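Below is a set of questions and answers for someone meeting this structure for the first time. Each answer sets a value against its definition and then draws the conclusion.

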Amino acid sequence: MEWIIRESDNYIFHYYAGSIAEKQIEKIINLQETCFDFICSCLEVTMETKINYYLCNSPTEVGEFYGDNEPCNACAKEPNEIYAVYNDQIKCVGFHEDAHVISYNLAIPPQIFMREGLAMFFDKVSLQIPNYAWVKFFMDNHMYIRIEELITNENFYQYSDLITYPIAGAFAEYLILMFGIDKFKTFYSSLKEDNFESSFHAIFKVPFSIIDAKFKEYIDSIGTNRTISNIIQKELKSRNLLK
Ligand SMILES: [Zn+2]
């Protein structure tokens, strides 16, 4: 199928004739331009080129374009490409992939936990429920995974993204609020395979182990609504993730 191309201020959108994306392209442009503006301002990053945004029909198609043939709802590819499903059921647009692409201008840390954390910080939510509410639920239900464990990619992949992503997002937000965006960016850009804890201590002037514990106390101090906890429980149960 041939792509139809539509340019906006910061994007080049690609979509198919007759697709839902075509019908809703104005709405998509407004949404992504809003996300773009917010992420670039927050990270103080300027994109050299427009982002090529491919609105695909299915997760299979996204996997094919990405190149690994693994079906997935959306993915970002260096330096400036996004492939995302936009159909009846799945509309994978918003902050997440754009945050990945825009943050490539800062660095690409080896720790997936940090990369997904920054993207999830901009999302603020998973299944429309705030990241912190998920983390609080995990802590209350013995499902919380220590960050010390998650910074190793092998471990990160062992768990469902429904568990790892909100923890990553809530932790990135905690660091940004505690230390400010500039120090966060310095830390994010400093990361190598084996320097997470030493770089953390050097830049934030606190040992990682202390912040790991303080993060849990912080999350535990935020109130959540019972109805939201019930929804989280239901979502986890439906995916066989409940302990
Ligand atoms: Zn991501």
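**Reading the model, term by term**

Q: With which residues is Ala-107 in contact, leaving aside its neighbours within four places in sequence?
A: Ala-107 is in contact with Tyr-188 and Ser-189 once its neighbours within four places in sequence are left aside, where two residues are in contact if their C-beta atoms, placed from the backbone, lie within 7 Å. Ala-107 and Ser-189 are 82 residues apart in sequence, yet their C-alpha atoms are 5.1 Å apart in space.

Q: What kind of model is this, and how are its residues numbered?
A: This is a predicted model, in which local features need pLDDT of at least 70 and side-chain atom pairs count only at pLDDT 80 or more, while totals for chains, interfaces and linings use all residues. Residues are numbered from 1 along each chain as its sequence is written.

Q: What makes Ala-107 count as buried, exposed or partly exposed?
A: A residue is buried if 20 or more other C-beta atoms lie within 10 Å of its own, exposed if 12 or fewer, and partly exposed in between, with C-beta atoms placed from the backbone. Ala-107 has 16 C-beta neighbours inside 10 Å, and therefore counts as partly exposed. Ala-107 lies in the loop between H4 and H5, where helices (H or I, at least four residues) and strands (E, at least two) are DSSP runs, numbered from the N terminus.

Q: Why can the buried residues of H2 be said to line one face of the helix?
A: The buried residues in H2 are Ile-28, Gln-32, Cys-35, Phe-36 and Ile-39. Seen down the axis of H2, they fall within an arc of 105 degrees (the arc of the directions from the helix axis to the C-beta atoms), and so they line one face. On the other side of H2, the exposed residues are Glu-26, Lys-27, Asn-30, Thr-34, Asp-37 and Ser-41. What covers the buried residues includes strand E2 (11-16), helix H1 (20-23), strand E3 (51-56), helix H4 (96-103) and helix H5 (112-123).

Q: Why is H6 described as largely enclosed by the rest of the structure?
A: In helix H6 (residues 131-140), 8 of the 10 residues are buried, and it is therefore largely enclosed by the rest of the structure. Its buried residues, including Trp-134 and Phe-137, pack against H5, strand E6 (125-126), strand E7 (129-130), helix H9 (161-179), helix H12 (208-220) and helix H13 (226-238).

Q: What makes E1 and E2 a pair of strands?
A: Two strands pair if DSSP finds at least two bridges between them, and 5 bridges join strand E1 (residues 3-7) to E2, the two running antiparallel. A hairpin joins E1 to E2 through 3 residues, and the bridge partner of Ile-5 is His-14 in E2.

Q: How do you know that the radius of gyration agrees with that of a compact globule?
A: The radius of gyration is taken over C-alpha atoms, and the globule rule is 2.2 Å times the number of residues to the power 0.38. With 243 residues, the rule gives a value near 18 Å, and the protein chain has 18 Å, so the two agree.

Q: Into which domains is the protein chain divided, and which elements of domain 1 give two or more residues to the side that touches domain 2?
A: The protein chain is divided into domain 1 (3-103) and domain 2 (112-238), with domain bounds that come from an automatic or database domain assignment. The C-alpha centres of the two domains lie 25 Å apart, and the contact takes 9 residues from domain 1 and 7 residues from domain 2. On the side of domain 1 that touches domain 2, the elements that give two or more residues are H2 and H4, and H4 gives the most, with 4 residues.
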